[in-house]
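Please consult the sequence and the structure shown below while reading.

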Amino acid sequence: MYQSDQNDHAGIIYRLLFGDGAGACLVTADPGQACLDVRGSWQQVVPDTTDSYTLNVEPSGMRFTSEKWAPDGITHIMPPLWKWLRRDEADWTPDVVIAHPGGPRILEDTAKGLQCAPELLNNSWESMRTSGNLGGVAVLDVLARTADTSPPHGQRTLLMGIGPGLTGAAIEGHWHNL
């Protein structure tokens with residue numbers, strides 16, 4: 001999927017880091033049939049960051065690039081994310097975190113930014129350890145791993161990731177045991 005002719009340092013790393021991935025999830029209006037009852041979703045592009053992560057689709061495949069400062073991106077996402085999360089409840093904190101496993105630094109900064117126990121990201125770390133960064137579909141792998149661990153019913157849940165153009169995206173809701 002990624003450019004085999006991109007043999008610079010970044011190109012080699014991205015070919016080794018990213019796995020090809022595809023995924024799907026079933027979305028239903030019946031929360032009794034879902035593992036995550038979604039209350040809301042959020043997305044924001046951090047101003048002046050469109051060059052931080054770029055993904056270009058070319059006839060020969062995809063070309064992904066990032067700036068050296070891009071792994072710091074999660075720190076830029078946290079203030080507006082917290083503002084959104086605490087829009088209705090001033091002391092909202094997650095009980096369950098489903099974080100895209102973008103890399104060790106991103107997961108470490110996610111735990112720090114969320115001010116949560118590192119073990120809340122265990123499923124994200126395990127996904128990265130066993131599957132690498134599968135791109136956008138990686139968060140579905142973490143969601144499936146979380147479902148396998150059966151968090152207590154009703155816990156506040158945050159599903160989140162960052163992407164090209166330094167975009168932060170999140171879903172907030174409550175965990176449901178099927």
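Beyond its neighbours within four places in sequence, serine 127 is in contact (heavy atoms within 4.5 Å) with Pro101, Gly132, Ala138, Asp141, Val142 and Arg145. Serine 127 belongs to helix H4, residues 122–131, and is buried at a relative accessible area of 0%; buried means under 20% relative accessible area, with a 1.4 Å probe and protein chains only.

The model is predicted, so local features need pLDDT of at least 70 and side-chain atom pairs pLDDT 80 or more, whereas totals for chains, interfaces and linings use all residues. Residues are numbered from 1 along each chain as its sequence is written, and side-chain values use heavy atoms, without hydrogens and water.

The protein has 5 helices and 6 strands, taken as DSSP runs (H or I, at least four residues; E, at least two) numbered from the N terminus. Of its 178 residues, 44% count as buried.

A nonpolar core is a set of buried Ala, Val, Leu, Ile, Met, Phe, Trp, Tyr and Cys residues joined through side-chain atoms within 4.5 Å. The largest one has 24 residues, of which Leu81, Leu114, Leu158 and Met160 touch the most other members.

Another core, of 9 residues, lies apart from it and includes Cys35, Leu36, Leu143 and Leu159.

Methods:
Buried < 20%, exposed > 50% of the residue type's maximum accessible area, 1.4 Å probe, protein only.
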